Amino acid sequence: MEVLIPSRYNHKHIAHRDNFNSHPQPRSMGAGFDLYGKRKNDTEFPVEISLSPYSSKDDNYVIGFIIDITLRKQAEERFKNYYQELEKQVEQRTLIMREAIEELEKTRDELNNALGKEKELNELKTRFVSMASHEFRTPLATVLSSLSLVSKYGEMGDKEKQSKHMSRIKTSITHLTDILNDMLSISKLEEGAISVTRENFDIKEFAIELIREMRVLCIKGQALDYNHVGNETVINSDKKILRHILFNLISNAIKFSPENKPIDIETQINDKHIIITVKDHGIGISKEDQKHLFERFFRGQNASNIQGTGLGLNIVAKYVEILDGTIECDSVLEEGTMFKIVFLK
């Protein structure tokens, strides 16, 4: 028997054969591992062997059935390779499908965002049309009626009333200009067309000059009181953007404050920060309204009878953000409002 067995198994086979002969019973050989036979040229081939013992009156015998399973092993190997390849393809296609699903979910999210933005844009357009139709109509009607009265009082020689209506025309044109400036600022912000040009300048001189220009907007008895805290006055910022911010906050303070009330403006430079505050003693803003204060087109419940677009503070907040600053509001109804802006030095 050892002639048929590869030489590397000879020493084991003798022990296996003796064990079988001591307890002979029909069984298969090599359960759980591969068996090999040997050809005349010493090449090996896979086999399957089963043993059947029997006895005759002369002696005990064992019949061994040896089957060459080379073709079966080749088929198994091909099947194994095919199965591995199939698993690989399934894995690849699963990955492709997963990526496709992720892409679809991403596209869905993008579509939802786009639809949300379109819905928001449509709402903004509706609100803009409503606001513009009201805000433009009122000053234009004032201009038309005042022009007619100016002509009439001119013919009558009533200089005082003529001057009064010229002032109303000027105020209406200023309001229209403010609306157009707000629209222009919103457009530039939406397009990302606002670029920051920083330079060193004296914030105290800057604030004094701006306040001097804005005093003409004050109503009877209003005063713009300015104070600077600290010995340092030079900062590095964008003068144009900072002017937009302060102009809007101060003009709001003027607009929402009654006669004979001061408006306090303060600039401060410390070791780490540049702080700007604008404080009025006007109608104030409710706690509920303060939650929506910087939203586009939002107007406080107690400001419905005062001209405005609801865009100013939204623009201010975006300008402050562009300059890497923060803005806070502290207000009490009928006591006044303070806006505080902080920039890193």
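This is a predicted model: local features need pLDDT of at least 70, side-chain atom pairs count only at pLDDT 80 or more; totals for chains, interfaces and linings use all residues.
Q: How many helices and strands does the chain have?
A: Helices (H or I, at least four residues) and strands (E, at least two) are DSSP runs, numbered from the N terminus. Here the chain has 7 helices and 11 strands.

Q: What percentage of the residues count as buried?
A: Buried means under 20% relative accessible area, exposed means over 50%, and partly exposed is in between (1.4 Å probe, protein chains only). By that rule, 31% of the 345 residues of the chain count as buried.

Q: And how much area does the chain expose?
A: Accessible areas come from the Shrake-Rupley method with a 1.4 Å probe, and for residues only the protein chains shown count as cover. The chain exposes about 23,000 Å², and carbon and sulfur atoms supply 53% of that.

Q: Which residues form a nonpolar patch on the surface?
A: Patches are built from residues with over 30% relative accessible area and no salt bridge; like charges are joined within 9 Å, nonpolar side chains (Val, Leu, Ile, Met, Phe, Trp, Tyr) within 5 Å. In this model, Phe79, Tyr82, Tyr83, Leu86 and Val90 make up such a patch, with about 530 Å² of accessible area together. Take Tyr83 as one of them: it sits in helix α2 (residues 70–156) and is partly exposed, at a relative accessible area of 44%.

Q: How many salt bridges are there?
A: A salt bridge is a side-chain nitrogen of Lys or Arg within 4 Å of a carboxyl oxygen of Asp or Glu. Searching the whole structure turns up 10 salt bridges.

Q: Where do Lys73 and Asp34 lie?
A: Lys73 lies in helix α2 and Asp34 in the loop between β1 (27–28) and β2 (35–38), so this pair ties together parts that are 39 residues apart in sequence. The closest N and O atoms of their salt bridge are 3.0 Å apart. Lys73 is partly exposed, at 27% relative accessible area, and Asp34 is partly exposed too, at 42%. There's a network here as well: salt bridges link Asp34, Lys73 and Glu76.

Q: Which parts of the chain does the salt bridge of Arg72 and Glu48 link?
A: Distant ones: Arg72 is in helix α2 and Glu48 in strand β3 (residues 44–55), 24 residues apart. Their side chains meet at 2.9 Å, N to O. Arg72 counts as partly exposed, at 37% relative accessibility, and so does Glu48, at 34%.

Q: Why would two residues within one helix point the same way?
A: An α-helix has 3.6 residues a turn, so residues three or four places apart point the same way. In helix α4, Glu209 and Arg212 are 3 residues apart, about one helical turn. They form a salt bridge whose closest N and O atoms are 2.6 Å apart.

Q: What span does helix α4 have?
A: The expected span of a helix is 1.5 Å times one less than its number of residues. Helix α4 (residues 203–214) has 12 residues and reaches 16 Å from its first C-alpha to its last, close to the 16 Å expected.

Q: Which residues of α4 are buried?
A: Those are Ile203, Phe206, Ala207, Leu210, Ile211 and Met214.

Q: What does Phe201 touch?
A: Not counting residues up to four places away in sequence, Phe201 touches Phe206, Thr233, Val234, Ile235, Ser237, Lys239 and Leu242. Phe201 is in strand β5 and counts as buried, at 7% relative accessibility. Its C-alpha atom is separated by 5.7 Å from that of Ile235, 34 residues apart along the chain.

Conventions
Residues are numbered from 1 along each chain as its sequence is written. Side-chain values use heavy atoms; hydrogens and water are left out. Contact means heavy atoms within 4.5 Å.
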